[in-house]
Amino acid sequence: MKENLGHYSTSTMAFLLLALAAAAVVCSALPQGAPGPGSCPSLPASITYAANSKLPDPFQPVTGDRISSKSQWSCRKQEMSQLLQRYELGTMPPKPSSVTASYSGNSLKIDVSDGGKSTSFSVSIKLPSSGSAPYPAIIAYGAPSIPVPNTVATITYQNFDIGADNGRGQGKFYSLYGSDASAGAMIAWAWGVDRIIDALELTPDAKIDPKRVGVTGCSRNGKGAMVAGAFVDRIALAIPQEGGQGSAGCWRIADEIQKNGTKVETAHQIVNGDSWYSTQFPKYVDSIPTMPWDNHFMHSLYTDPPRGLIMIENTAIDYLGPTSNYHCSSASRMVFEALGIKDHIGLSQFSHSDHCGFHSEQQAPLTAFIEKFLLKKDTATGDFWKTDGKWAIDQSRWVDWKAPTLS
């Protein structure tokens, strides 16, 4: 995607130039044949995709041959990120020119400056009662709705202060980047998560290990946690809960099951009144089958670098689109398996009446993923793919491609 560099400050330009210089060093550490930073092709200005109600092939780039080796995946991952930003979510800005932080009591204050503008926000940190510092932590949108073990810290993040839940262009993100920024609240919230990790790296007194940080949220915040983990590579584990479509689910499948009479959240519905998505997304919500992406691409962003993703969903609420959640995430699982990291993705989908409640059957997968990705234990997670849904499981209805054997 092209960026208008005129919007960025001199200090931000300097940061970008330094990053490019550092990338030259990183290239020497990449696997032989892997593309170096900056060597991946840009998205074409215009993309034509033949209408298809089935999910796009994640192994087929917009241009060129289908992926055949793991060394090609990094560029495809970058391309999928660009597609999601262009069509659905809006642009994730680069790191601001200045981030500083201070820690007092249980409050971490984060000051951000860029382009001659400044803003600040704070998060609260609850340290665990067991274990030793520096501790792993879970960033909770609003408040945690999953049981957090006593070996993991909780960072409470008031994400609506960064991007308003209702009211486009409002919040501290937009005070820096303008009320007309293309990014919806989902990207604004993810940007805030990125700044929290910046702050943790700057403040060892907070006693948090910034390399062992997870993120969680439920409902709209479940969507937010999914987006944050996808776009913030420093997140070690994402635990989106009951986010439904835009989280575990795919827009194409939601449209199809709505045609059969199920009342489910769709792309067309979600852009009416909510400010979560890009200013561009409303242009495409009535022609989803012509889009060269769907949300299984977002799950696939977790593969490079490889990180953990455990989706906690609920089959009792039709509006969450349980069928879509299962089949969409199953398509993503094919990507993880092709890359040899099938144990990095899990789905736990059980029926219970209370939205954002927690079913006892979901404790085992949650514990396993936290132990593996935050506590760094040698824990098996590859078998956690379960649903109590009564629908027919038919992946061929939604997928007309096969995962290649990657060399």
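Visitor: How covered is strand E4?
Guide: Strand E4, which spans residues 135-141, is mostly covered, with seven of its seven residues buried. Buried means under 20% relative accessible area, exposed means over 50%, and partly exposed lies in between, using a 1.4 Å probe and protein chains only. Strands (E, at least two residues) and helices (H or I, at least four) are DSSP runs, numbered from the N terminus.

Visitor: Before we go on, what kind of model is this?
Guide: This is a predicted model, in which local features need pLDDT of at least 70 and side-chain atom pairs count only at pLDDT 80 or more, while totals for chains, interfaces and linings use all residues. Residues are numbered from 1 along each chain as its sequence is written, and side-chain values use heavy atoms, with hydrogens and water left out.

Visitor: OK, back to E4, which residues point which way?
Guide: Tyr135, Ala137, Ile139 and Tyr141 point one way from E4, whereas Pro136, Ile138 and Ala140 point the other way, and all are buried. In a regular strand the side chains alternate between the two faces of the sheet.

Visitor: And which strands are joined to E4 by bridges?
Guide: Strand E6, residues 208-218, is joined to E4 by five bridges, and the two run parallel. Strand E5, residues 153-157, is also joined to E4 by five bridges and runs parallel with E4. Two strands pair if DSSP finds at least two bridges between them.

Visitor: Changing topic, where is glutamate 371?
Guide: Glutamate 371 is in helix H10, which covers residues 363-373. The C-alpha atoms of glutamate 371 and proline 149 are 9.8 Å apart, although the two residues are separated by 222 residues along the chain.

Visitor: Which residues does glutamate 371 contact?
Guide: If its neighbours within four places in sequence are left aside, glutamate 371 is in contact with Lys376, Lys377 and Thr379, where contact means heavy atoms within 4.5 Å. Glutamate 371 counts as partly exposed because its relative accessible area is 23%.

Visitor: So which residues of H10 are buried, and what covers them?
Guide: The buried residues of H10 are Pro365, Leu366, Ala368, Phe369, Ile370, Lys372 and Phe373. Their cover includes our strand E4, along with strand E7 (237-241), strand E8 (308-313) and strand E9 (345-349).

Visitor: What about phi, which residues other than glycine have a positive value?
Guide: Serine 219 is one of them, with a positive phi of about 65°, and glutamate 242 is another, with phi near 50°.

Visitor: Are those two buried or partly exposed?
Guide: Serine 219, in the loop between E6 and helix H5 (220-231), is partly exposed because its relative accessible area is 24%. Glutamate 242, in the loop between E7 and helix H6 (251-259), is buried because its relative accessible area is 1%.

Visitor: How many residues of H6 are buried?
Guide: Seven of the nine residues of H6 are buried, so that helix is mostly covered. Among the buried residues of H6 are Trp251, Arg252 and Ile253, and what covers the buried residues includes helix H2 (73-89), helix H7 (267-270) and helix H9 (322-338). Glycine 261, whose phi is positive and near 100°, follows H6.

Visitor: Last one, how many helices and strands are there in the whole chain?
Guide: The protein chain has 10 helices and 10 strands, and 55% of its 407 residues count as buried. Among contacts between residues at least 6 apart in sequence, 70% join residues at least 24 apart.
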